Amino acid sequence: MARLVIVSNRVPPPRTRGAVSAGGLAVALQSFVEPGTLWFGWSGRVTEETGSVPEMTEGDGVTYATIDLGSEDYDRFYVGFANSSLWPLLHFRLGLMRYTREDFAGYLSVNEAFAAALVPLLRPDDVIWVHDYHLIPLATALRARGFAGRIGFFLHIPFVPPSVLEALPPARELLHALCTYDVVGFQTRTHLADFLDCAHRFIGFAVEGDDVVTEGRRVRAIADPIGIDAAGFARIAARTVSTAYIQRLRESLAGRDLAISAERLDYSKGLPNRFDGFARLLKRFPQHQRRVSMLQIAARSREDVAEYQALRRELDRLAGDINGRFSQFDWVPLRYMTQTVPRTKLAGLFRIARIGLVTPLRDGMNLVAKEFVAAQDPADPGVLVLSRFAGAAEELSDALMVNPYDPDDIAEAMHTALEMPLEERQARHATQRRAVFEVTSASYCNVFVDALTAA
Ligand code: F6P
């Protein structure tokens, strides 16, 4: 059987396997990778020069090969084009997009460096699966170095319609690069349809069904929603509730309901609107004052990007404002932490929460929504309040759906969740649970690898 080679910007170091923080592609893939797999990417270190010879480590039969990024490449590729141009653009935030030709050149050259370091490790019959927006040009770079085997690409974040994509100066170049792959995967049908639309409009390729037909080649485009190891996460959640950590939280709640949110501190997650929604709940429905506490975990992320620094300052201010306005001498409404919380602890926190608030302004999928559902006790489940702009909304239609741009909508959904009778909570949770147990990380990976093998 052909060897699978995974390429992603972040590679979890073997020693942290199973203990990675909330969400993200590394978590989803970790439960799938089989012994014999090669996983290539960035070491997470910034050094003087970008590495050319990968550092090799082994863990559970998987070989991890990583290279360092030089500081200029880190600035242009990671901070620059990937996270200041592509990330805001593909999350529909044109106002936050910054673009320079130098950054784009840095993005291309890091993709070249990845290809140059990877090619000596490849066998002709390897099947390569490339992940996410950092590495769109990788197939082009690998083909130029003579790799002729199958290469697939999966985009973990949203794709945008032509009227948004056209703002990016090298849009056409990136579409050509995407069409170099044999299979291109998206989280939802909506993202897939937008990609087909862009490929047709901007580079004139024909679209037949879900395939893009280029000069003599066919690129298969698929929608393949990512999932979690639902059974595993449910087991961890059930186990963790009896730990001292969760007992301490229960004691500190003193019988109050818990509303929880956990994610990276990122402007796509809609945190200021959510804080505002919580403040409006307390103001418009004062019966919930003293009876609910909100825990917001927002793990610090991409701290070298200016917009993330600005968001952190804004959230510090908003959290102080809410607590100043509503706190009483023995009750603080909002608990706000920017540290990373291990997934095992998160599972326990989700299980005892009455509300899971997942209200991104835009999100490829959002695995936290699925983790919240999997973690619940089916006999007494909490309620998921979910943004209709998260990819997960296509599968979890029985959540309380909100428009995250409207803080009153969030407040009303929280009120509904806090008042919801047990039977309705059970019924809504049961259908969501079925969805989360049906599309798992393993089924997601199988669908993609099967499509790639058949291509
Ligand atoms: O899910 C999107 C994503 O960018 C992943 O590619 C990445 O691993 C994760 O978010 C965390 O972001 P970063 O690698 O920038 O810390």
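# Strands and helices in a predicted model

Student: How do strand S1 and strand S5 run, and how many bridges join them?
Tutor: Strand S1 (residues 4-10) and strand S5 (residues 127-131) run parallel, joined by five bridges. Two strands count as paired if DSSP finds at least two bridges between them. Strands (E, at least two residues) and helices (H or I, at least four) are DSSP runs, numbered from the N terminus.

Student: Which residue is the bridge partner of isoleucine 6 in S5?
Tutor: Tryptophan 129 is the partner of isoleucine 6.

Student: What should I know about the model itself?
Tutor: It is a predicted model: local features need pLDDT of at least 70, side-chain atom pairs count only at pLDDT 80 or more, and totals for chains, interfaces and linings use all residues. Residues are numbered from 1 along each chain as its sequence is written, and side-chain values use heavy atoms, with hydrogens and water left out.

Student: What is the order of the strands in the open sheet?
Tutor: The 10 strands go S3-S4-S2-S1-S5-S6-S7-S10-S9-S8. Their pairing is mixed.

Student: Which strands stand at the edges?
Tutor: Strand S3 (55-59) and strand S8 (206-208). Each has a single partner strand, so one side of each has no neighbour in the sheet.

Student: By what angle are neighbouring strands turned against each other?
Tutor: On average 25°, direction ignored. Axes are lines fitted to C-alpha atoms, for helices over the stretch in contact; angles run from 0 to 180 degrees between N-to-C directions.

Student: Which strands does helix H2 touch?
Tutor: Helix H2 (residues 71-90) packs on the sheet and touches S1, strand S2 (38-47) and strand S4 (62-70). Contact means heavy atoms within 4.5 Å. The direction of H2 makes about 100° with that of S4.

Student: Back to S10. Does S9 run parallel or antiparallel to S10?
Tutor: Antiparallel, with four bridges between S10 and strand S9 (residues 211-214). Valine 213 has arginine 218 of S10 as its bridge partner. S9 and S10 form a hairpin with two residues between them. In the turn, glycine 216 has a positive phi of about 75°.

Student: And in what sense does S7 pair with S10?
Tutor: In the parallel sense: strand S7 (residues 183-186) pairs with S10 (residues 217-223) over four bridges. Phenylalanine 186 has alanine 223 of S10 as its bridge partner.

Student: New topic. At what angle do helix H13 and helix H15 pack?
Tutor: About 120°. The axes of H13 (residues 367-375) and H15 (residues 422-438) are 9 Å apart.

Student: Which residues make the contact?
Tutor: H13 gives Lys370, Val373 and Ala374. H15 gives His429, Gln432, Arg433 and Val436.
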